[in-house]
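Dear colleague,

I am handing over to you the structure shown below.

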Amino acid sequence: MSILARDWAYSQALAAPAKPVLVALAEHVSGEGRACWPSVSRLARMTGYAERTVRRALRALEAAGLVRIERRPGRPALYSLNLSTTISVLVTDEIARQAVCKRHDIIRRQELARHARRGETWEDVEQRLARAAASQRGGKL
């Protein structure tokens, strides 16, 4: 375990589940090194999160530049911690906002596809969804 890596991980202004996953990675770094290779299932056991949540947190950490992930077929990935990077909550919030926007876009596309299978045109569906959204906002388009 690297005390430097662990202290660095704790000092990052991250929200859950990213911070516990980063700390778990730091717990696996040996000596003064920066690399480790715990499996996703091991990280899930250490953090108490589901494996899917751990994978999502790892992607967010990689996108934020805190962790570099080298995927290795048939073996656990190699994680390299970027100890020279400090992250702010704003960057993490932006990553979370982008993920939420992407999820809303997926839901909207699924809704449009469902209505299109009923024989409605895309324009009809979009107009109806716009009217429904406007009625939820109090009648303002």
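A residue is called buried here when its relative accessible area is under 20%. By that criterion, 30% of the 141 residues of the protein chain count as buried. Please note that the model is predicted. The protein chain has an average pLDDT of 80, and 79% of its residues score at least 70. Among the elements, helix 3 (residues 40-47) has the highest mean pLDDT, at 94, whereas helix 5 (residues 89-116) has the lowest, at 66.

The protein chain contains six helices and three strands. Read from the N terminus, its elements follow the order α-α-β-α-α-β-β-α-α.

The three strands form an open sheet in the order 1-3-2, and their pairing is antiparallel. Strand 1 (35-36) and strand 2 (67-70) are the edge strands, each of which pairs on one side only. Strand 2 is joined to strand 3 (residues 78-81) by four bridges. Within this pair, Val67 stands opposite Leu81, and Arg68 has Ser80 as its bridge partner.

The side chains of strand 2 alternate along its length.

Two figures describe the protein chain as a whole. Of its contacts with a separation of 6 or more, 49% involve residues 24 or more positions apart. Its accessible surface comes to about 9,100 Å², and carbon and sulfur atoms account for 54% of that area.

With kind regards

Conventions. Residues numbered from 1 in each chain as written. Heavy atoms only, no water. pLDDT = per-residue confidence, 0-100. Helix = DSSP H or I, 4+ residues; strand = E, 2+ residues; numbered from the N terminus. Pairing = 2+ DSSP bridges. Buried < 20%, exposed > 50% of the residue type's maximum accessible area, 1.4 Å probe, protein only. Contact = heavy atoms within 4.5 Å. Areas by Shrake-Rupley, 256 points an atom, 1.4 Å probe, with all protein chains shown as cover.
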